Amino acid sequence: MTWRFEPDRPIYIQLQEQLKLAIVSGQYPPGGKLPAVRDLAEDASVNPNTVQRALAELEREMLVYAQRTSGRFVTEESEMIEKIKTEMALKLVDEFVSKMAAIGYSKDETNAMLTKIEEVEERGDTQL
């Protein structure tokens with residue numbers, strides 16, 4: 001997994017977000033075992049306590065659970081994962097629409113542009 005951290009936000013929150021993204025995208029499937037805290041910490045080049053805090057937050061959200069002596073696992077509740085995925089998508093769409101509005105596009109103009117992009121991609125063109 002490739003880890004990228006912004007300097008102005010707590011690392012554990014960014015870890016939590018990136019792990020959540022890995023779960024909803026299927027990198028860690030429902031019921032799948034997560035890497036050990038030390039392995040994640042080494043891979044991300046962060047302190048194991050930081051990873052532990054991120055995982056504790058994911059446990060609090062009931063997206064992962066711990067089994068004593070066996071490690072941590074992704075929830076098997078596919079509906080919960082799908083709900084979180086939808087929430088993440090809606091947030092991204094809202095941010096995109098807000099940014100388009102900031103440069104002067106209405107929602108209808110934004111939708112028209114997305115439709116045009118889709119048509120161009122279907123034709124295999126590279127130009128709008």
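**Exercise 1.** How many residues lie between β1 and β2 in the hairpin, and which residue in the turn has a positive phi?

*Solution.* Keep in mind that we're working with a predicted model.
- Start with the strands: β1 covers residues 64-67 and β2 covers residues 71-74. They run antiparallel, joined by 4 bridges.
- Now the turn: the hairpin has 3 residues between its strands, and T69 is the one with a positive phi, about 70°.

**Exercise 2.** Find the buried residues of α3 and work out how they are arranged around the helix axis.

*Solution.* 
- First, the helix itself: α3 takes in residues 48-60, 13 residues in total. From first C-alpha to last it reaches 18 Å, close to the 18 Å expected at 1.5 Å a residue.
- Next, pick residues under 20% relative accessible area. That gives V51, A54, L55 and L58.
- Look down the axis: these buried residues fall within an arc of 95°, so they line one face of α3.

**Exercise 3.** Describe what happens at the start of α3 and just after α3.

*Solution.* 
- At the start, N47 brings a side-chain oxygen to within 2.7 Å of the backbone nitrogen of N49.
- Just after the helix, M62 takes a positive phi of about 65°.

Conventions:
Residues numbered from 1 in each chain as written. Predicted model: local features only at pLDDT ≥ 70, side-chain atom pairs only at ≥ 80, totals over all residues. Heavy atoms only, no water. Pairing = 2+ DSSP bridges. Helix = DSSP H or I, 4+ residues; strand = E, 2+ residues; numbered from the N terminus. Expected span 1.5 Å × (residues − 1). Buried < 20%, exposed > 50% of the residue type's maximum accessible area, 1.4 Å probe, protein only. Arc of directions from axis to C-beta. Polar contact = N/O pair within 3.5 Å; in protein donor to acceptor, adjacent residues only side chain to side chain.
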